[in-house]
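Please look over the sequence and the structure before reading on.

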Amino acid sequence: MRIAGVEPRNLITPSGIGELAAVVRELYADAKPFAFVGGGTELELGNAPRALDTVVATTACNRVIDYAPEDQTITVEAGMTVAAVCAVLAEHHQFLAFDVPDPERTTIGGAIATNAYGGRRLRFGPIKDNIVGIAIVRPDGVIAHGGGKVVKNVAGFDIPKLMVGALGTLGAIVSATLRVHPRSESGAAVALRNLTAADVLHACAEIVNAALVPTSIVAFDDGGERYDCVVVFDGFRGGVDEQVRSMTGIAERLQFDASRPSPAELDLLKERERNARREAPWRVQFGAAPTTLAQFLTKNDMAGIGRIYYPAIGSAILTGNDMNAATIERWRRALDAGTVVVAAMPLDARGAVDAWGAPPPSWPIMRQLKTNFDPKGLCNPGRFVGGI
């Protein structure tokens, strides 16, 4: 197992939260650098750790702690996979809106630590909006809690949101209380074919004007210059049918090639998206205002580069085999009003490419938080923004 290209000396899998805390406490006392891992789906994200003695796996911490279907919350240990949590919720016709490419492997803690997202973020919001409470093991081995067990509880310092996207640099997420949602009665999709980035954005504007409420809007290609765009609707059957009719009318008015994919065809489209997000040697995430991002995708040469484009939330993931440091820096200059994060890169590119780019204006606060949580600098050192 390599963490951003670095192989640790030891891998430890504690059998529970108490044992995990004891392991971390001992590593901290001995001044041994350590990191945490869940299902191992995002090991390439971030820069290489400056030092790494031990990786602590959370996968054995995989119990349901509490489930209150009537409150629409569930508390689970962080080593449970997204798929396992969804299987529990399905018995009560509920689901978890964590949208990850590999739910059978991605753990709850890993999804939170990497701020994972997908097309359903459009309707259900980012991960931080779906966390009610959290428990962590601090870098010194002390167990700490933030938030609560009910959705309305917002008192105190917002540790749950602080842990989202922190990449395990502030401690190990060991359990979380999550907001869950009722399963929809019906679902359907409309696929728009052979569009430009500007066409996709135009379709999104028309969706807003028509007051439609899609669950997701995802456009993607395989390295060409045109996009296939899939608009998904979920809800009560009558409402879904009406929205699909409206979406089809929008496509006809814009003279876009539109079709109603069957459930099997829709599964293939979703799998096409997932495969690109988890298999390409280079995976680069872009974030910007929707109009800015559409202009970037239109004006820059993308020949031979796969694109997964979430137009309504201003995000895209570019994938391929032949990127390099010069390509990344060129894109960063071209998208100076947005973010460009390298989620995966070949081992020989490590050191030539900073995964995060220049630190944001909030970096001094981030650095102070890191110092407060981890004064010895032993927890995943150097892997996050600005080398913290």
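The sections below describe the domains, an interface and a cavity.

## Model and domains

The structure is a predicted model. Its protein is divided into three parts: domain 1 covers 64–182, domain 2 covers 186–262, and domain 3 covers 276–349.

## Interface of domain 2 and domain 3

Taken over C-alpha atoms, the centres of domain 2 and domain 3 are 23 Å apart. Domain 2 contributes 15 residues to the contact, and domain 3 contributes 16 residues. Between them, domain 2 and domain 3 bury about 1100 Å², with 59% of this area on carbon and sulfur atoms.

One salt bridge is found across the interface of domain 2 and domain 3. A salt bridge joins the side chains of arginine 307 and aspartate 221, with an N to O distance of 2.5 Å.

## The cavity

One cavity of 30 Å³ or more is present in the structure. The volume of the largest cavity is about 50 Å³.

The lining of the largest cavity is formed by Ala97, Phe98, Asp99, Ala116, Tyr117, Gly118, Arg120, Arg121, Gly125, Pro126, Ile127 and Asn130. Sorted by class, this lining comprises six nonpolar residues, three polar residues and three charged residues.

Conventions
Residues numbered from 1 in each chain as written. Predicted model: local features only at pLDDT ≥ 70, side-chain atom pairs only at ≥ 80, totals over all residues. Heavy atoms only, no water. 1 Å grid on protein atoms, 1.4 Å probe; cavity = no way out; pocket = protein on both sides within 12 Å on 5 of 7 lines; lining within 4 Å. Points joined across faces, edges and corners; volume = space filled by probe spheres on them. Nonpolar A, V, L, I, M, F, W, Y, C, P; charged D, E, K, R; others polar. Domains from an automatic or database assignment. Contact = heavy atoms within 4.5 Å. Buried area = accessible area lost by both parts, 1.4 Å probe. Salt bridge = Lys/Arg side-chain N within 4 Å of Asp/Glu carboxyl O.
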